[in-house]
Amino acid sequence: MKNETAPAGSLKRHMGLKASNTISNTIIYILLVIMSIVWLIPFICIVLQSFRVESTWQVGYVIPKQWGWKNYIDLWHTDFKKWYLNTLIIALVTAVIQTVIVLCMSYTLSRFRFKLRKPLMQFMLILGMFPGMLTMIILYRVLKDLGLTQANAVPGLILVYVASSGMGYYVSKGFFDTIPKSLDEAARVDGATRAQVLYKIILPLAKPIVIYTILTAFMAPWGDFVFARYISFGTSAGMNVAVGMYNWLNLDQIGQCYTRFCAGGVIVAIPVTILFMCLQKYYVEGVTGGAVKG
Amino acid sequence: MKRILAMLLALVMIFALAACSSNTTPTPTEAPAGNGAEAPADNGGNETPAPANNGTSEIAGTYDITVWVADAIVDLTKKQIEDFNSSNEYGITFNATVEAVGEGDAATNMITDVAAGGDIFCFAQDQFARLVQANALSKLGVQAAETVKSANDPGVVAAATTGDELFAYPLTSDNGYFMYYDKSVIPEEDLDSLEKLVADCEAANKYFSMETDTSAWYIASFFFATGCHSNWVTDADGNFISVDDNFNSPEGLIAVKGMKKLVDSPMYLSSSDGAGFDSGCAIVVTGTWAYETVSGILGDNLGATDLPSFTVDGQEYHMGSFNGCKLMGVKPQTDANKAAALHRLAQYLTGEAAQLERFQAVGWGPSNLADQANAEVQASPALAALLKQNAACSVPQGQIHGSWWDIAKVIGTDVENATDEAGLQAALDNYYNAISALFTMSEAEKEAWSVIGNICGTNWDTDFPMSEAGGCFVSEPLELHAGEELKVRQGASWDVNYGVNGLNGDNLVVEADGTYTVVLDMTDESLTLQPA
């Protein structure tokens, strides 16, 4: 709050620095409170609706008249647990494989100098510009021939999510570039292999970016709908939560399933929320870390 | 590093292989008897009178099938298939996987990949044409068709028919709308008049809810009231070939005037959500699917009846409704025996007993005539209101072009924004233009050549047909006058047209009065007039 420089209004001149600071802070905090209310209301509504047991359809009020766990218990008796498990498996496996691939890729491109390195990077940049949706139909055909659709959608989806992960190296390569090469060289002189340099020198220094990579790799499959629906169509056993729960929004279903749907939404949000809470301090660092030097 | 990569690759391969092996479904154990040469469609559903001698050996066996039904009836359907397994005379046993797939999504899901879709699936009737076009439905056999026709509501049978053939089994006949109302707000004597109902709602400060902003399905109610129709004709492949539509007519104008009475009310709400009674609605126009919700909210105050009438220029018009249904289809099969067995199952699942069970379990209105007359069905408030509405004024929802819904729903907002009669008429004109533009010409019409010009009293707005004769296209004899100009074009559009100097050439100018035939010789692309 830079009030010390030439106050404009006469009112300000009479106020002390402290008073004007208080006023501007108050205004800013009021604004922030309003904004957070706007952002949080949908989530609060969903949580509250999921505890409403007096009716199962949409209603015109937010606070439930009767509270209870019925919707969560109902969830247990549907295919929800299967969908949830599918989603969890897909997201975890994808997170692990994709993180490994991305980090190896970034390390390679950051530290090694080989023929066609630049053209390769340019090629991947261009390839990344094609919208992935365009490939949906052909991917479906390929997966179908491999037998990885419908009931076997889980490995199929993992394959698809992981397949192009090497191209997402930009942020972490940028971060690796900021780590001085002399560290590598020192380690190499002491007899470390390339792999040891990555494990023992680079990765401990790049913890934020590792966390960031895991998080993004986890989030994409966790929330996917379009592709997951296309691959698992009409087969409950292969659906993820988003696709499965979408069925409850049918015209003749929503009256009976609305509050259960909210309960499902809350359960889906829990692991992501926990993950972010634990890892958020690394997250911001990770995203901006690579920006220092491209 | 290399080792890890190698392991990863191996992992990926294992995934693929594991999935492959688990996907190979065991083939149905077929009966040893020689396979009949009948096509699946003909074989399908033939009620063999003496199954012990004939039917058993042909189609007996165990089949693995997938059945797609709505979530609400998954368990019931499993039970019904078990019943079929234990009771059928053909020696058929089904290993059924019953999946919950909403009837609204069935077509989208089927068309994604017909081969991987459910063997038997349920769908709302508006998807029928798309499914026939996508080859996702197999035809009913002659006897099965006869049985279905005689046992079911004629409107539903029409919905499952394209050309002259039946392609699906009627599952329900309850996809229409009527009026739920709050008895504590709406006096019974006002139920027949839209004007009084609107006044009651305004007096009580409660909403009159009907989804006319966003749904052509509800908008049509007003048009049907004044006797308008929109009939679409399909051929045997499910293609739309023509439409007979008179929404843009004096009757149509009366209809939008009636609609204006509702939408101009401050207490009008565009929604068909039964839960609206929880948030200030006194009347909601919607269907049987909302019954549980509405009865949960209103309890003893629940009223359900047919739609009211509106009055324009002193005459009353009873609001109409669509009378729609859900159908059950059988996917075409490569194995004729399996197809025949599936048709028998579908017939069982849509038969009188199964429909009644479904009504008792989830309240779906039967399409079977005997079930409709059942006292229990008659006693259900929602179905009673639906039947009352159907009796008063309803139009069976036949085959309707998919684009119609988007075109017609615009009427809703156009009418709401209109300030005078000209505005209302403009809404109808917009509709008419969109329908006309939509209707694609047949291949023959697209190919056809015609003469156009300022000839015979027309001014470049009428096409005179030409016929083909030995590489030439020749018009009928036309009476032409000196100075008149003409050209020849294909498909009544200017994409391909000929003038005196060939493709896209100049207009041909008539030099002297007389009766001529216009001749386009395709061998040298010359356009000439020849005295007739």
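**A strand pair and its sheet**

Guide: Met179(B) has Val285(B), in S13(B), as its bridge partner. The model is a predicted one, in which local features need pLDDT of at least 70 and side-chain atom pairs count only at pLDDT 80 or more, while totals for chains, interfaces and linings use all residues. Residues are numbered from 1 along each chain as its sequence is written, chains are lettered from A and ligands numbered from 1 in the order in which they are written, and side-chain values use heavy atoms, with hydrogens and water left out.

The strands concerned are S8 (residues 178–182) and S13 (residues 281–286) of chain B, which pair in the antiparallel sense over 4 bridges. Strands here are DSSP runs of E of at least two residues, and helices are runs of H or I of at least four, numbered from the N terminus; two strands pair if DSSP finds at least two bridges between them. Both strands belong to an open sheet of 5 strands in chain B, ordered S12-S9-S13-S8-S14, with mixed pairing. Its edges are formed by strand S12 (268–269) and strand S14 (302–305) of chain B, each of which pairs on one side only.

Helix H9 (residues 194–204) of chain B lies across S8, S13 and strand S9 (207–209) of chain B, contact meaning heavy atoms within 4.5 Å. H9(B) runs at about 135 degrees to S9(B); axes are lines fitted to C-alpha atoms, for helices over the stretch in contact, and angles run from 0 to 180 degrees between N-to-C directions.
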